Number of protein chains: 2
Amino acid sequence: MSRKEEYKEEYKDYWWGENAQFYPGQQSIIKLSTPRVLIRYELEDVLEANFKEFFDSIEEIHWLDGNDLEDTQKETILKEAWDFLIIEEHLLEQDLLEMDDNDDDDEE
Amino acid sequence: MSRKEEYKEEYKDYWWGENAQFYPGQQSIIKLSTPRVLIRYELEDVLEANFKEFFDSIEEIHWLDGNDLEDTQKETILKEAWDFLIIEEHLLEQDLLEMDDNDDDDEE
C-alpha cells in the first residue's frame, strides 16, 4: 500500500508539536489556519499505524475558533492532519538515518 | 551561569513545533493561550545560544489574535517562549542520551 505523500499548500499552516514538560510521551498537530485546531495524541510510531489507530490515540481535540463545525468538515481536517503527520515522520526518519550514518563515519 | 528551569503553569499552552515540509531547518514555538502567537526561527542549538541569538534567529512572529499589544507584553511573551524552549531542548537532549545508551546496550 502506498500512501499519498504530497506537499499540499494547506500543510504550510500545520505544525507538529511537543510539550514534554506537561505532556510527556504525547505529541500534537496544530493547524493555524481557520478553522484552527489542536490535536493531542499518544501515538508513538506513526509510520506503523493507520488512521484508526491514530484516531483512537487522540487525547484532546481543541477547536480553537469554536466547535461549530460540520462533522464532515472535522473529519476532513483530521485526515489532512494525519496526512501531514505521515510526511513529517518520514522526513524525521530520513534525518535520523542520516545522523546515524554520520555517527558511524565518526567512529574510529 | 545557571538558567532557571521551572515548569510554569503558563508553559502548558506552549508547543515546540516543526514543519519540515515547508520550513526545513526551522522550528517554531506556538503559544495557544491568549494572546496567541507563532514564533518561527532558525536556531539550530538552543542550549548553546542566548536570548539575543534566539531573537536574531527569528524569521516570523505572528500574533494570531492581532498585533495590538504593548511592546513590554510582547517582550515578556518572547522571553517566556525562550524559557519554555530551553526546558524542552534539555528534555530532548536527555531523551537522546538515553536512546544512545540503549543503542550501546543493544550492540554486540
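Trainee: Is A:E9 buried or exposed?

Mentor: This is a predicted model, in which local features need pLDDT of at least 70 and side-chain atom pairs count only at pLDDT 80 or more, whereas totals for chains, interfaces and linings use all residues. Residues are numbered from 1 along each chain as its sequence is written, chains are lettered from A and ligands numbered from 1 in the order in which they are written, and side-chain values use heavy atoms, without hydrogens and water. Buried means under 20% relative accessible area, exposed over 50%, and partly exposed in between (1.4 Å probe, protein chains only). With a relative accessible area of 54%, A:E9 is therefore exposed.

Trainee: With which residue does A:E9 form a salt bridge?

Mentor: A salt bridge requires a side-chain nitrogen of Lys or Arg within 4 Å of a carboxyl oxygen of Asp or Glu, and here the closest N and O atoms are 3.8 Å apart.

Trainee: How many residues apart are A:K79 and A:E75, whose side chains meet in a salt bridge?

Mentor: The N to O distance of this pair is 3.3 Å, and both residues count as partly exposed, A:K79 at 38% relative accessibility and A:E75 at 43%. Both lie in helix α2 of chain A, a helix being a DSSP run of H or I with at least four residues, and a strand a run of E with at least two, numbered from the N terminus. Their separation is about one helical turn, or 4 residues.

Trainee: Which residue of chain B has its backbone oxygen 3.2 Å from a polar atom of the A:Q21 side chain?

Mentor: A:Q21 sits in the loop between β1 (14-18) and β2 (27-31) of chain A, and at 7% relative accessibility it counts as buried. Leaving aside residues up to four places away in sequence, A:Q21 touches (heavy atoms within 4.5 Å) B:Y7, B:Y11, B:F84, B:I87, B:E88 and B:L91. The backbone oxygen at 3.2 Å belongs to B:F84.

Trainee: Which residue of chain A comes closest to the rotation axis?

Mentor: A rotation of 180 degrees, with 0.0 Å of shift along its axis, superposes chain A on chain B at an RMSD of 0.0 Å, by least squares on the C-alpha atoms of residues with pLDDT of at least 70 in both. The two copies are thus related as by a two-fold rotation axis. They meet through the same surface, because 100% of the interface residues of chain A are also interface residues in chain B. At 2.0 Å (C-alpha), the residue of chain A closest to that axis is A:G17.

Key: A polar contact is a pair of N or O atoms within 3.5 Å; within protein, one must be able to donate a hydrogen and the other to accept it, and residues adjacent in sequence count only if both atoms are side-chain atoms.
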